[in-house]
Amino acid sequence: MKKNNNKSSVLKKYLKSSEKFHNNLNKDFFKDIGVKGIESLNYDVDHYDYQVLDLYYWEHRMGRWHPELLNETDLAFDTFLPFNLRAILDIGMAFSFEKRKSGYLFKELINKSYPILNFYGVNEIKNLYEKFRGSELNDKYKFIDNYFIYDDTSKTEVNKVTHSNTLKIPEAHLIKGNYTFIDYFYSSKKDF
């Protein structure tokens with residue numbers, strides 16, 4: 001990812017996001033704005049192992065998304081979202097790429113400070129209970145219909161049906177050398 005950690009990658013991303021407005025103003029106008037923005041926001045200097053595109057993404061998102069959030073919620077309650085400060089963004093960007101992409105920081109903050117919000121989910125119509133109460137939804141997330149128990153003494157496999165999407169080993173089979181397993185065939189097609 002080091003090759004993307006430069007001002008030209010930020011300019012490219014900015015120009016890509018501005019394409020939908022090129023019919024109103026020409027591309028050179030946006031390129032000029034992008035170059036000036038990169039210089040004034042210091043995207044052209046070393047950020048000590050942080051990805052400049054991460055910094056651009058969050059600062060750009062905060063400039064667009066945060067005001068909309070405040071407009072929608074301040075009538076009902078005071079909204080406080082401190083993520084428009086570069087010092088706080090730096091902390092958030094210190095996580096691995098996988099954690100940053102999954103929203104780990106926000107999820108952990110919610111879970112540690114007000115975990116009841118997890119019940120409602122993020123931009124969900126149904127809450128956690130409603131999502132998993134129906135058999136139709138349970139079947140959607142079910143991928144273990146049956147499993148096998150290997151008996152090392154008799155060198156046989158016993159096929160067991162499961163309705164709980166879990167692997168078990170019955171007490172009678174809790175003997176050294178015995179184990180439970182499934183045959184799972186990977187598909188690149190997303191099944192759920």
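Colleague: Hi! Where does Asn127 lie?

Modeller: Asn127 lies in the loop between helix H6, residues 104–113, and helix H7, residues 128–133. Keep in mind that this is a predicted model.

Colleague: Thanks, noted. Is Asn127 buried or exposed?

Modeller: Asn127 is buried, because its relative accessible area is 15%, and buried means under 20%.

Colleague: And what is Asn127 in contact with, leaving aside neighbours within four places in sequence?

Modeller: With those neighbours set aside, Asn127 is in contact with Phe119 and Tyr120.

Colleague: Let me step back a bit. How many helices and strands does the protein have?

Modeller: There are eight helices and three strands. Going from the N terminus, the elements run α-α-α-α-α-α-α-α-β-β-β.

Colleague: What share of the residues counts as buried?

Modeller: Of the 192 residues, 19% count as buried. The accessible surface comes to about 15,100 Å², and 56% of that belongs to carbon and sulfur atoms.

Colleague: Which residues touch the most other members in the largest nonpolar core?

Modeller: That core has 14 residues, and those touching the most other members are Val10, Tyr14, Leu15, Ile38, Tyr43, Tyr56 and Trp58. Helix H1 (7–17), helix H2 (27–40) and helix H3 (52–73) each supply at least two residues of this core. The largest share, five residues, comes from H3.

Colleague: Can we stay with H1? Which of its residues are buried?

Modeller: The buried residues of H1 are Ser9, Val10, Leu11, Tyr14 and Leu15. What covers them includes H2 and H3.

Colleague: Let's pick out Tyr14. What does Tyr14 touch, not counting residues up to four places away in sequence?

Modeller: On that count, Tyr14 touches Phe30, Ile33, Gly34 and Tyr56.

Colleague: Now Leu15. Why does Leu15 count as buried?

Modeller: Leu15 counts as buried because its relative accessibility is 13%, and the cut-off for buried is under 20%.

Colleague: What is Leu15 in contact with, again leaving aside neighbours within four places in sequence?

Modeller: Leu15 is then in contact with His22, Lys27, Phe30 and Lys31.

Colleague: How far apart are Leu15 and Asp28 in space?

Modeller: Leu15 and Asp28 are 9.7 Å apart, C-alpha to C-alpha, and 13 residues apart in sequence.

Colleague: Time for the strands. What is the order of the three strands in the sheet?

Modeller: The sheet is open and has the order E2-E1-E3, with antiparallel pairing.

Colleague: Which strands stand at the edges?

Modeller: E2 and strand E3, residues 179–181, stand at the edges. Each has a single partner strand, so one side of each is left without a neighbour in the sheet. On average, neighbouring strands of this sheet are turned by 30° against each other, direction ignored.

Colleague: How many bridges join E1 to E2?

Modeller: Six bridges join E1, residues 146–151, to E2, residues 156–161, and the two strands run antiparallel. Among the facing residues, Asn146 has Val161 in E2 as its bridge partner, and Tyr150 stands opposite Glu157 in E2.

Colleague: What about the hairpin they form? How many residues are between the strands?

Modeller: Four residues are between the strands of this hairpin, and Lys155 takes a positive phi near 55° there.

Colleague: Is Lys155 buried or exposed?

Modeller: Lys155, in the loop between E1 and E2, is exposed because its relative accessible area is 54%, and exposed means over 50%.

Colleague: One more on the whole protein. Among contacts between residues at least 6 apart in sequence, what share joins residues at least 24 apart?

Modeller: That share is 43%.

Colleague: Great, that helps me find my way around. Thanks!

Note on methods. Residues numbered from 1 in each chain as written. Predicted model: local features only at pLDDT ≥ 70, side-chain atom pairs only at ≥ 80, totals over all residues. Heavy atoms only, no water. Core = buried A, V, L, I, M, F, W, Y, C linked by side-chain atoms within 4.5 Å. Buried < 20%, exposed > 50% of the residue type's maximum accessible area, 1.4 Å probe, protein only. Contact = heavy atoms within 4.5 Å. Pairing = 2+ DSSP bridges. Axes fitted to C-alpha atoms, helices over the stretch in contact; angles between N-to-C directions. Areas by Shrake-Rupley, 256 points an atom, 1.4 Å probe, with all protein chains shown as cover.
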